[in-house]
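Biologist: Hey, I'm new to this one. Could you walk me through it?

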Amino acid sequence: MNGSFMGRDVISILDFKREELEELFELSDRARKLVDRKLRLLEGKVVSLAFFEPSTRTRMSFEVAARKLGADVIGFSSEESISIAKGENLADTVRMLDSYSDLIVIRHKLEGAAKFASEIALNPVINGGDGKQHHPTQAMIDLYTVRELFSEIDGLTYAIVGDLRYGRAAASFIYALTLFKPLKVYLVSPPILSARPEVTSLLKSRGIVFEELSKLDEVIEEVDVMYVTRVQRERFPDPTEYEKAKGTYKITLKLLEKAKHSLKILHPLPKVDEIELSVDNSKHAAYFLQASLGVPVRMALLTMVLGGEL
Ligand code: CP
């Protein structure tokens, strides 16, 4: 089935079937065993990292993954450093990258930018995050982390906590869960940050048992996986709305006293102040493991899209 990824754009997690993700996870297992080696599977290939928005994990883990596979990497991490600053448009920028490289990873503040790039580029385009909409490779890492921690993704109770209105990682993770069989999904946010209608509509149409609420302590005892996100300050159209939303939730050790011993906390990172720092050292924190798994999952994905064999 490896062929189903070859040459393919990765725009939304909803473009994938469960079986395809399971295949990706198996390849990610293999990549983890090889992660300390310098491989030559993608020797001669060039990967473009076109980051129009800030990133630590996505850009760097794609770069490490590509280099470990033997590919060369080109790219940029802000609009100011490329000819967009001189007035060049996105389409021409994509055409250039497409001619210099075999695959483009793009992050952009505009929803639809990755899809737009994929319609221009002849080579595959991977969405590294477009506005509040999609972050498919983050969702792949998130599912892989749950599989690593619980040996399964089905049958667990999930609480997605925080900014469900503007957070693309949260939306993508919720979309990803609709490809599996969660026992229940709690969407926990203050009303000002509640999930967008397209997200809840999909949960309904796919028969996922879910509930929207604003207080995590009402359900924390049931939860296996808590997926926390920060308030996405940069996406608020109105700064006064951000002022109302910030600081409206916080995961504390006190709150976690009521949780299952086996509860694991995921977070796509960066985190700001929504998780008390002392939680980092608790048995529940799994977000640094989650971030580290970005390298093998992205190694597997690059290999599958560019046609190598791990
Ligand atoms: N999770 C994530 O997308 O992190 P970065 O913004 O640092 O890439």
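Modeller: Here is a short tour of the ligand site and the domains.
Modeller: This is a predicted model, where local features need pLDDT of at least 70, side-chain atom pairs count only at pLDDT 80 or more, and totals for chains, interfaces and linings use all residues. Residues are numbered from 1 along each chain as its sequence is written, and side-chain values use heavy atoms, with hydrogens and water left out.

Biologist: OK, which residues surround the ligand?
Modeller: Ser55, Thr56, Arg57, Thr58, Arg107, His135, Gln138, Pro268 and Leu269, each with a heavy atom within 4 Å of the ligand.

Biologist: And what lies 2.9 Å from an oxygen atom of the ligand?
Modeller: A backbone N or O atom of Arg57. That is a polar contact, meaning a pair of N or O atoms within 3.5 Å. A side-chain N or O atom of His135 is 2.8 Å from a ligand oxygen, and a polar backbone atom of Leu269 is 3.0 Å from a ligand nitrogen.

Biologist: How much of the ligand does the protein bury?
Modeller: The protein buries 91% of the 260 Å² that the ligand exposes when taken alone, by the Shrake-Rupley method with a 1.4 Å probe.

Biologist: Switching topic, how is the chain divided?
Modeller: Into domain 1 (13–134 + 294–306) and domain 2 (136–291), with bounds from an automatic or database domain assignment.

Biologist: Which domains does the ligand shell draw on?
Modeller: Domain 1 and domain 2, with at least three residues from each.

Technical notes:
Polar contact = N/O pair within 3.5 Å; in protein donor to acceptor, adjacent residues only side chain to side chain.
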